[in-house]
Amino acid sequence: MFINEDEKWMSHALDLAKHGYWYTETNPLVGAVLVKNGKVVGEGWHKKYGDVHAEVNAFKNCKENTEHATLYVTLEPCCHYGKTPPCLNLVLQKKVKRVVIAMKDPNPLVSGKSIKILKENGIQVIVGVLENEAVKLNEIFIKYITEHKPFVLYKAAMSIDGKISCYTGDSKWISSETSRNDVHYLRNKYKAIMVGAGTIKKDNPSLTSRFYIINKKNGEKELMKNQRNPIRIIVDGKLSSPIDSKVFQDGGKTVVLTTSYADKKNVEKFKNKGIELIYSNLGNDGKVDLNKSLEILARKGINSILLEGGAETAAEAFNQKIVDKLRIYIAPIIIGGKTSPSIIGGSGVSKISDAIKLKNISINNLNEDTIFEAYTNW
């Protein structure tokens, strides 16, 4: 239910923005709707990186005079020249009466400047309609543009008692097939996927995307067309991963985060294989400086990382405070066992007051599994 018309049309604009998933890269997801006399007269979204923005597409698709119309847009219109001219000029030219904006643009090049100019030109501006929804939609863009680091989502599947495998190491499968397919959707959505050397040695995963959809005509499951594989990032401070592992053999892009303590023989093997190595030491024990590594990865255009563990890599990610969000798939099973591993390894905190605090918690069901989602509160 919507409180008013502004929320109704902004919700539609947010839905339009989602069509840009996988295509806008480091640009934000943006939707725009033009409304006149209570009906939609034009709409559009940012379709791909480097292409025209949502507002331009909305005006292009409009067949009526937009004078006295209301423009609903999920992000403040840009006022600077980038790969395309500023959208603000077009908005002013079209003489709309009102502009309703979900959120200010966090980009320092904009950040309220367009709102100020719109008001100075006599246009009524309303900011903050469905702002929380807009922020969540563009949480990756916001982190990337303001902190110059990738947004990191930690994903794990566990039993209801917090275990990720039996004491024997058996872990296939804790979560349901539906949950596992949902993870492959995330692999499509996120630019890169990160695991530790332990996962490479134990599971030898391919870390590719295999997202299935249901064919509407015959109801059968089939691989989604045109899906993309994430860049594989391996945290391996001593460079101990076997060079014949799947992630180094299939021709996909793989980056290894390592340190000056890397095995020198393996360094040559990896270089000869064309594997990119990024060096960043944290102290003198062979641990990777993850924060420094994220800065380097951001400069390479990696705006988002799906962290899949294992438990020790996850512990280090939380210790170094690089995790922004958690998505935990909880299966309705009990594994038990003192030695059965939990989702977070390491030594843990010594007192409850030091425990990692979470916020903005949501809990949803996905068939028989439960999805727990929350944000860290660094």
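This is a predicted model: local features need pLDDT of at least 70, side-chain atom pairs count only at pLDDT 80 or more; totals for chains, interfaces and linings use all residues.

Before you click, one term: contact means heavy atoms within 4.5 Å.

Residues are numbered from 1 along each chain as its sequence is written, and side-chain values use heavy atoms, leaving out hydrogens and water.

**Stop one: the two domains.** Colour 5-138 as domain 1 and 148-377 as domain 2; these bounds come from an automatic or database domain assignment. Their C-alpha centres lie 35 Å apart. Now select W22, E25 and K136, which supply 72% of the area that domain 1 buries against domain 2, more than any other three residues. Between the two domains, about 720 Å² is buried, with carbon and sulfur atoms giving 52% (buried area is the accessible area, 1.4 Å probe, that two parts lose on being put together, summed over both).

You'll find E55 in helix 2 (residues 54-60). Is E55 buried or exposed? E55 is buried, at a relative accessible area of 3% (buried means under 20%, exposed over 50%, partly exposed in between, with a 1.4 Å probe and protein chains only). Leaving aside neighbours within four places in sequence, the contacts of E55 include L71, V73 and C87.

Show the open sheet of 9 strands, in the order 12-11-10-7-15-6-16-18-17 with mixed pairing; two strands pair if DSSP finds at least two bridges between them. Strand 12 (276-279) and strand 17 (358-366) stand at the edges with a single partner strand each, so one side of each has no neighbour in the sheet. Zoom in on strand 10 (residues 231-235) and strand 11 (residues 254-258), a parallel pair over 4 bridges, where V235 has L257 as its bridge partner. Next pick helix 10 (residues 290-299), which lies across several strands including strand 11, running at about 145° to strand 11.

**Last stop: helix 11.** Select residues 311-319, where 7 of the 9 residues are buried, among them E316 and F318. After helix 11 comes K321, with a positive phi near 60°.

Conventions: Helices (H or I, at least four residues) and strands (E, at least two) are DSSP runs, numbered from the N terminus. Axes are lines fitted to C-alpha atoms, for helices over the stretch in contact, and angles run from 0 to 180 degrees between N-to-C directions.
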